[in-house]
There are 2 protein chains.
Amino acid sequence: MNRITELFNIKYPIIQGGMVWCSGWELASAVSAAGGLGLIGSASMSADVLRAHIRKCKESTGRPFGVNVPLLYPDVEKIMRVIVEEGVKIVFTSAGNPKLWTSFLKEKGIKVVHVVPGAKYAAKCEAVGVDAVVAEGFEAGGHNGREETTTLCLIPLVREAVKLPVIAAGGIAGGRAMLAAMILGAEGVQLGTRFVASRESSAHADFKQKVADSAEGDTFLVMKKLAPVRLLRNKFCAEVMEFENRGAGADELKRLLGADRDRKGMFEGDVENGELEIGQAAALMKNIPPAGEIVENIWKEFCQASEEIKRGEGREDRG
Amino acid sequence: MNRITELFNIKYPIIQGGMVWCSGWELASAVSAAGGLGLIGSASMSADVLRAHIRKCKESTGRPFGVNVPLLYPDVEKIMRVIVEEGVKIVFTSAGNPKLWTSFLKEKGIKVVHVVPGAKYAAKCEAVGVDAVVAEGFEAGGHNGREETTTLCLIPLVREAVKLPVIAAGGIAGGRAMLAAMILGAEGVQLGTRFVASRESSAHADFKQKVADSAEGDTFLVMKKLAPVRLLRNKFCAEVMEFENRGAGADELKRLLGADRDRKGMFEGDVENGELEIGQAAALMKNIPPAGEIVENIWKEFCQASEEIKRGEGREDRG
């Protein structure tokens, strides 16, 4: 296959992004069982909760899976200890300096992937010895880069900047977008939004439904003075935009955000007052299927689109 | 070939976008002569100047070319009269309601294409009888949609919303991005930024050089309270962002913009105080080649990338 399927020993280079409140062991193991790579999102978990999820994921599938760790969270040291103790073999780090933990993890024989929003960060990752990078574009849900580079522009820029395999993320929900990303230089894709609205996602049912019902133009990159985050349109999001329109600063935005708003929205289902992190790809989705079906369908669509090109439709009929 | 090459009677479905101050007859005729579709950008022209450009374009190439008309400009009626009088066969309209001029132009036997930033606008275009739509994403230079939908997400959304052929724009500078766009459902591509930095572009030499020298993260979508526009980083752009950070309103931004700032920057070469409209694709370009060479290279790269898929590299080696 390619460097990404070899690196993780998986069947398809399709990765389910680790997402706060949405990706516990049920989702990760379903994706891994289907031949992709599932990631447990540790950001919404205490060290003990993470340990339980890792154990259940191991029991539930013999296939490789990983854990996503945002490096700016306060409990990182405890989280890393649990990861090592439980024998996790793959860690995706994000939101922080890849220098901090890469050599620690690599010494334990763990594969390390870091998420970047730009080519210069990818070069830093290569310098500190990560195994692959996720290049995540402006259209992605949740926390996002300040450069606002879209996936279409970002993939070739990162491809050119590093020799490492590149995993594309942001705006990808199906097999055609996967093939497009591969043509631009990616060797794998990471999908978050698509898996939020899956049966095994631990997102609240009302949040999943709101994602499936959403349309084009329903997400906004806000909180740019604090840390840019892409949210689904709701009462809270509208409030943030009102604050920003009149020039509110970081402190004011922080107070407006308060505590636990992400949990309230995504996990507890207060879809008006909670924070709902989601990407632009939500507009492309209408259903809430099992995660394994998502993996299979992406791969099927990817193969079909490749066949169209092979039959010459990419040149004679379409180009 | 496909519906776009048939519609315009051109060799390659590669269109050079009509751009304020950059796309006169020299650029349009060079692109058309190379087998693409060149567009004269009328936004920076009086009716008389446009007439002269159309005549020179006809003298310079026997191949089809078109004129781009932003519908919100004050001189639209005069511009349309010149287009009809001079026998122009292709008109791309933008920035306004497609209902206003489509039937007038179609009755004269002119092909009409409208530029849209979202699927709902594409459906309106189809209803009023345009021949094709340009789906232009967030990464595009110059004036831009409020939905901020990126090209990767926009193409399939527009593809699904209409039966019309879709031309993809925004973030496309090479043949790989062109193939990616075709896989997502486009039947042609429109490039602006790539042609700004071409030999025949009427952009000032210093602006072209600044585009060629620019890097990732050097463009910003600003003026959102007025009309969103993507600009290249410079002193003026920094000033706008400062104003916006403190919550400046539309009137204040309008005063800061003043008159003729686009001409000053893009045509007269005041690259610090002028307005420099450019897309994210600028980061992918390093040279200022002849426009015909750009068309040939895009097509070559497109064919090479298609061949890679045909040889199975899209599945066995890369996927």
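**Burial across chain A.** In this predicted model, buried residues account for 59% of the 319 residues in chain A. Of the contacts in chain A that link residues at least 6 apart in sequence, 64% join residues at least 24 apart.

**Overall dimensions and secondary structure of chain A.** The chain is built with 15 helices and 11 strands. Its radius of gyration is 19 Å, close to the 20 Å that the globule rule gives for 319 residues, so chain A is as compact as a globular protein of that length.

**The open sheet formed by E7, E11 and E10 of chain A.** Three strands make up this open sheet, in the order E7-E11-E10 (chain A), and their pairing is antiparallel. Strand E7 (142–143) and strand E10 (219–222) of chain A stand at the edges, and because each has a single partner strand, one side of each is left without a neighbour in the sheet. In general, the strands of a sheet pair through backbone hydrogen bonds, in either a parallel or an antiparallel manner.

**Close-up of the pairing between E10 and E11 of chain A.** Strand E11 (residues 229–232) of chain A runs antiparallel to E10(A), and four bridges join the two strands. Within this pairing, Thr219(A) has Leu232(A) in E11(A) as its bridge partner.

**Helix H11 against the E10 and E11 strands of chain A.** Helix H11 (residues 235–245) of chain A lies across both E10 and E11 of chain A, and the helix runs at about 45° to E10(A).

Technical notes:
Residues are numbered from 1 along each chain as its sequence is written. Chains are lettered from A and ligands numbered from 1 in the order in which they are written. This is a predicted model: local features need pLDDT of at least 70, side-chain atom pairs count only at pLDDT 80 or more; totals for chains, interfaces and linings use all residues. The radius of gyration is taken over C-alpha atoms; the globule rule is 2.2 Å times the number of residues to the power 0.38. A residue is buried if 20 or more other C-beta atoms lie within 10 Å of its own, exposed if 12 or fewer, and partly exposed in between; C-beta atoms are placed from the backbone. Two residues are in contact if their C-beta atoms, placed from the backbone, lie within 7 Å. Two strands pair if DSSP finds at least two bridges between them. Axes are lines fitted to C-alpha atoms, for helices over the stretch in contact, and angles run from 0 to 180 degrees between N-to-C directions.
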